[in-house]
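Morning, everyone. Let me walk you through this one quickly, starting with a bit of sheet and ending with the interface.

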Amino acid sequence: MSVKMPVLDQRTLARRDDIVRALRAIVPGEGVIAHEREMRPYESDGLTAYRQLPMVVVLPDTTQQVSRVLAYCHANEIKVVPRGAGTSLSGGALPLGDGVLLGMAKFNRVREIDFDNRVVVVEPGVTNLAVTRAVEHAGFYYAPDPSSQIACTIGGNIAENSGGVHCLKYGMTTNNVLGCEIVLMTGEIIRLGGKHLDAGGYDLLGIVTGSEGLLGVVTEVTVRILKKPETARAILLGFASSVDGGDCVARIIGAGIIPGGMEMMDRPAIHAVEEFVHAGYPLDVEALLIVEIDGPQAECDHLIERVSDIAKSCRATTSRVSASEEERLLFWAGRKAAFPAVGRVSPDYYCMDGTIPRAKLPLVLQRMGEMSEKYGLAVANVFHAGDGNLHPLILYDANNPGELERAEDFGSDILRLCVEVGGVLTGEHGVGVEKRDLMPAMFSEIDLNQQQRLKCSFDEKGLLNPGKVFPTLHRCAELGRMHIRAGKVPFPDIPRF
Amino acid sequence: MADAVTARDASDVEAAVQWALAENKALEIIGQGTKQRLGRPAQSDATLNLSGLTGITLYEPEELVLSAKAGTPLAEIDALLAASAQELAFEPMDYGPLLGLAAGAGTIGGVLAANLSGPRRIKAGAARDHFLGACAVSGRGETFKTGGRVVKNVTGYDLCKLLAGSWGTLAAMTDVTLKTLPRAETEATLVLLDLDNAAAMKAMAAAMSSSCDVSAAAHLPKNVAVRVSDSVPATRAITAFRLEGVAPSVVHRQSALQALTRPFGAQDMLNAAQSRALWRAVRDVTPFAANGPAGEHLIWRISTAPTKGAELAQRILAASDAEIMFDWAGGLLWVAIAACDDARASLVRRAVEVCGGHATLVRAPAALRATVAVFEPQQPGLAALTKRVKQSFDPQGVLGPGRMWAGV
C-alpha cells in the first residue's frame, strides 16, 4: 500500500472490547462482527491492492440503529467507514484499523413502487439491478447502469454518483435521484427531497450524491424510473485510426444525435475481447465504435441510417447495423466483457477512470502509447465515447516485484494527462484513496479547503470516512479561520455609482 | 439607497468581497437585477453587480460544452447556441413577465443562481443538471473552482449543485461552464380538452408512463387557459403534451399518444409554431403576468409529487379563490392568490405539508416578503445544517444575508 492513512488512534484501540460491547447493545445478534476471520471479507473493496482489517464490523438493519451507532461513535470519537457491496474501484470503502466498518447490506428492501409518480423508494443496500428488476414487469427501468450493477448497491451509487454506458442521454445517479434519508455523524436523521423535483433550499441532495461516504450515511433513497424505450438498434463501426473514430463521434453529436450509448475500444481491447467472446469484431481496425440508438422503431431506423452515412464520410472500414435483437446484444456482449477479457490475457490489470474532452482522444491515446513504452507495460482502452470517460486498463503481473508500483505510476501519469488536456481525474469511479494524492493536480489548496469546509458542516469532528478524497486532513477549527486583509483592498479602483 | 459596485472582472469581485469583509458590509450579488424582487428583501449595504463580466469564453458544439463569464446575457448564449442548432435543454424560464420586468433579460449567472428550468424539467432536468463547472468567490473573499468542462466528473464534491439555487448567498460566480444539447428538429403538442384537475392528473400520469417520451405535460384549467388564447381553443380547459424529436419519431409518437389518451375525451393537435407559443406561455407563466388580469395577485410556486397536484390544489381552492395552473405533469403548481396581508401562507404551507414538496412565494410586495417566509421553512435539523453550510462558504454573512431565510 503506497497511500498513507490517518495514524491509528491507540486510545480507541485500547478500548476495543468496550466499544464492541456498546455496539452489541445497539445492534443485537449477528450484527456486530469482531473476529478477525469473519471480518476478513471486509478488508478491501474493488480496489484489492489495498487491504486493511477494520477494528469491528457493524451491520445495522434499521435507521434507528444507524443513528445510535453513529451517535455513539461521535460521542466517543470513533471513526466510521460506510460500505455498500464493496465494489468501489477507488478504495472508498477501505476500512480503517481503528474504525467501525458500517455495512449497509441488510438495508435490502424495496420500500415502495409508485408507477404513477414514476419513482421507487429503496433501502440503500438494494442492488442497482434489483431496482430495474422490481419494475421491469411494467416496462420500466432505472437508467444509471454501472458495469457492476449486479452487485453494486444504490447507497454506493449515491456515494460515487455512478454512471454507466447510458449517461450521455440519461444522466448519472445525481440526475436520477429525487430524495434520500441520511444520518449525520451526530446521529441526526435528515430527509432531503422526496417524490417532487428540486430542493426547497440548498441542493444538499446534489452534494451528498458523489460525496463518497464522507458527509452522511444514506438509509433510504427515492429514484426516478423511466419507461423502457420501444426498441433499440446498434451499429458496429471499425476505423483505421482513432482519429477517424473520434471524428465520427464528434460528427454524430454535431449532427444533433444523442445516442443511448456510444462506446469505443482500441486495438488491444478489441483483440482481447474477440478472442474471449467471438462477437464478430473486426480485427484489422485501430478503433471500434458501437453506437446504439433507442426509441420508437421509426426513430431508430431514421437515426441509424444517418449514423451510417456519417460513418461512411468518416472512412469507416467496417459498418454493421444489428439486424436482430440477438445481434445487438452480441455487439454489446463484447464491450461488456472487456474487463474480464483483458483479465484473461494478463495476470492482473489496473482499471483507470479519467474523463477528457472527446476531441483530445487521439492525442491522449498517442501519449499513452509513449508512456506504455516508458513503463514497459501494455495498456488496453475502453472509452465511453459519448461523454469522454476513458477506462485505460494497464496490464501487469503482481508477482513480478515492482510491477504493481509501476502500474500505479503509469496510471497516475495517465490521470495527470487527462487533467492537462482539460479533463478530470475521475469520471465515475471516485477519488477514494486511489486518486486522493492526485487531487492537487486538479484543485488548488483554496479549492480543496472549501470542499473540506463543506465536509465540516456535515461532520465537524471529521470521523466519517477520513483519509479518503482529501490529500491533507485539516481540523475544522483551523479551516474556519479567516484572514481579513483590511486596508489592502484595492476597492477604490472599482467604479461605483 | 445602498451603494452599487460594478465589477469589471473576476479580480474586482474578489476585491469587493474582501472589502465587504474588512468593512463588515453585506453585499447583494446581482447580474442584470431581474430577480431582485424574488426572495426576502435585501438586507445589504451594497449591490455587487456582475453584469459587466460578459463574454462566451468557450463553445464547442461537438463537445456539448459552453463556458461564459457569469454576467453574460442569456439571450447572447441562446443566440449562439441556436446558430449551431443547440440549446440549454433545461429550458430556463423567464421571470420577467411574472415580476413585471421586460422579457428576454437576465444573465447566465442568474439562471444558475436561481436554478431555473422550464416545462422540459421533467425530462431534461433543471439548471443544476447541466451545470458542469464554476469559478466563484466565496464569502471568505477567496476564489475557488469546482467541477470541470466534461459531463462525466466525480472528482471532489459537486459544488455546482450547491451553487445552483443558492441565490447568490454562498459565493459570487464569475465563470461558469454548462452542458449544451442539440435542439429538437421539430415538435408537436397534443391537447386534451375539458378535463377537470383530477382527470388531468390521471391523463398526465398515463402519458408520462408511456414510451411516448413526452417532453412536457401541463394542465391549464379553463379560467387560466383563456389567457393563452392565441395558441389554443380559448374557452376550454386544456391538458397539453409536447412531443419533440426527429419528424418520423414525432409522427409515430403522436399517433400512439392520441390512441392512449382517447378515453379522456376530446383532443386537438397543435402544430410546431402553436406548440412553441403555448410552451413559452407555460414556461413563463404568462397567464399570471404582472401586466395581465392576475397582475395584482400574489404568486406561489409549489413543487410536489405529480399525483398530488390536484389534491394540493383542491386544498387551496377549497379555502380561497385562487387560480392555479399545473406544469411538470402535475408536479409544479403556479398559484395566484388575491392580494392580502398574509399571502394565505398558512393555507399554502399546510397543503404542502400534507401533500409533500415545497412552496416559494415568488411574487409579493417587499413588505410581505419580509414578514412571510418566502422559501420553504425547514425542519430544525435541516435548518441547522443549512446554516452550517452557509457558514462554511460565508462565515461573516457578507453575501445576501437573509435572502432565503431570516438569520441565514
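Start in chain B. Strand β2 (residues 27–30) of chain B and β3(B) pair in the parallel sense, over four bridges. Pairing here takes at least two DSSP bridges between the strands. Strands are DSSP E runs of at least two residues, helices H or I runs of at least four, numbered from the N terminus. B:I30 stands opposite B:N49 in β3(B).

Now β3 (residues 46–49) of chain B again. β1(B) pairs with β3(B), parallel, over four bridges. B:T6 stands opposite B:N49 in β3(B).

A word on provenance. This is a predicted model: local features need pLDDT of at least 70, side-chain atom pairs count only at pLDDT 80 or more, and totals for chains, interfaces and linings use all residues. Residues are numbered from 1 along each chain as its sequence is written, with chains lettered from A and ligands numbered from 1 in the order written.

Next, chain A. Its secondary structure comes to 17 helices and 19 strands. The C-alpha trace spans about 70 × 70 × 55 Å along its principal axes.

Last, the interface. 82 residues of chain B are in contact with 87 residues of chain A. Contact means C-beta atoms, placed from the backbone, within 7 Å. Which element of chain B gives the most to the side that touches chain A? That is α14(B), with eight residues. The residues on that side of chain B divide into 34 nonpolar, 30 polar and 18 charged. Nonpolar covers Ala, Val, Leu, Ile, Met, Phe, Trp, Tyr, Cys and Pro; charged is Asp, Glu, Lys and Arg; the others, Gly among them, are polar.

Terms used
Two residues are in contact if their C-beta atoms, placed from the backbone, lie within 7 Å.
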